[in-house]
Amino acid sequence: MKQYPEWIQEVNGELWLTENDRGNMQVSYRLKKIIFSKESSIQHIMIVDSYDFGRMLVLDGVVQSTDREGHIYNEMITHVPLSLHQHAKKVLIIGGGDCGAAREAVKYKHVTAVDMVEIDEMVVQACKEHLPSVSGNLADERVQFHYRDGVQFIAEKRNEYDVIIIDSSDPVGPAIQLFEYGFYEQIKYALKDDGIMVCQSQSPLFQQELVKGIYEKIKDLFTHAAVYQATVPTYPGGFWSFTIGTKTTPITTEHIQIQDDLQTNYFNQNILRSCFMLPEAMKL
Ligand code: SAM
């Protein structure tokens with residue numbers, strides 16, 4: 001009898017992955033097979049092949065990115081700030097071990113350097129090898145990998161980046177600090193004067209207080225702040241928020257033209273405009 005982690009069940013000879021969201025909701029995916037399964041010093045890392053979503057990156061039993069729709073999240077967390085900035089050269093990504101955000105960032109010719117700060121090297125290696133549809137086997141020379149805690153890394157940086165992307169996992173374990181006021185303050189210092197930061201800010205349906213709290217912190221620290229949304233089918237509720245903060249750049253999409261040769265599957269000019277249009281209950 002094979003030993004699986006608690007989120008994998010064998011039912012009538014079939015494998016299922018069950019993600020438990022906050023103890024209130026369970027979502028199960030039928031699997032074809034488990035491709036990779038290892039415990040790193042940080043978390044349990046799995047890459048599985050599922051019937052509906054293709055390959056999926058699963059950290060501690062939580063789905064992070066998939067073949068079928070990983071591009072939605074990665075395009076939205078990257079192209080919104082990079083489009084608003086217009087001429088970013090230096091980009092920092094904190095987290096983002098699936099490499100999808102870095103892969104999107106290097107689609108801009110004006111981007112000359114991307115620092116990818118991921119606490120867990122094994123996530124990057126597993127995704128490069130087993131999740132190429134998301135990671136693109138990322139080998140662009142502009143991307144430099146730093147296997148460190150993002151909180152420590154940012155404390156040493158001042159006035160250096162045009163865009164900072166906080167592509168964290170949920171606020172548990174080492175990612176908790178990536179949602180704190182003191183961390184956002186360091187992000188502000190690490191940005192240049194016309195710099196832009198963005199973070200994934202969880203579910204507007206199930207974590208309203210958290211979404212509001214993140215927005216309040218960013219609004220307090222930055223000159224301009226806004227929340228935008230996208231549909232990410234494998235995140236609880238399918239409806240996801242991102243929060244953006246800028247030091248001087250107004251957050252308006254009216255005069256923004258996205259790079260004309262940008263190859264995407266989800267993001268486009270109309271999505272850039274509409275993602276800032278929020279439902280009544282999400283207005284902050
Ligand atoms: N798209 C995903 C989502 O929202 O569910 C998250 C992308 S990515 C897989 C999140 C990464 O953040 C993980 O690989 C994790 O190892 C990394 N991470 C968590 N805490 C971190 C920290 N303090 N510093 C750097 N990376 C961190």
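1. A quick definition before anything else: buried means under 20% relative accessible area, exposed means over 50%, and partly exposed is what falls in between, using a 1.4 Å probe and protein chains only. By that cut-off D167 is buried, because its relative accessible area is 6%.

2. Some ground rules. This is a predicted model, where local features need pLDDT of at least 70, side-chain atom pairs count only at pLDDT 80 or more, and totals for chains, interfaces and linings use all residues. Residues are numbered from 1 along each chain as its sequence is written, and side-chain values use heavy atoms, with hydrogens and water left out.

3. D167 lies in strand β10, residues 161-167 (strands are DSSP runs of E, at least two residues, and helices are runs of H or I, at least four, both numbered from the N terminus). Leaving out residues up to four places away in sequence, D167 touches Y73, N74, I77, I93, I94, G95, G96 and A101, where contact means heavy atoms within 4.5 Å.

4. Now the ligand. It has 25 residues around it, and the closest are Q43, E118, D149, G150 and Y235 (near means a heavy atom within 4 Å). The side chain of Q43 puts an N or O atom 3.0 Å from a ligand oxygen, while a backbone N or O atom of I119 is 3.2 Å from a ligand nitrogen. The protein covers 99% of the 600 Å² of accessible area that the ligand has on its own (Shrake-Rupley method, 1.4 Å probe).

5. S133 is found in helix α4, residues 132-135, and is partly exposed because its relative accessible area is 39%. Apart from neighbours within four places in sequence, S133 contacts D67 and R103. The side chains of S133 and D67 are joined by a polar contact of 2.4 Å (N or O atoms within 3.5 Å, one able to donate a hydrogen and the other to accept it within protein; residues adjacent in sequence count only if both atoms are side-chain atoms).

6. Last, the rings. The structure holds eight aromatic pairs (Phe, Tyr and Trp rings, the six-membered one for Trp, with centres within 6.5 Å; planes under 30 degrees apart are stacked, over 60 edge-to-face, the rest tilted). F145 and Y147 form a stacked pair, 6.1 Å centre to centre with 15° between the planes. One aromatic cluster is formed by Y73, Y228, Y235, W240, F242 and F276.
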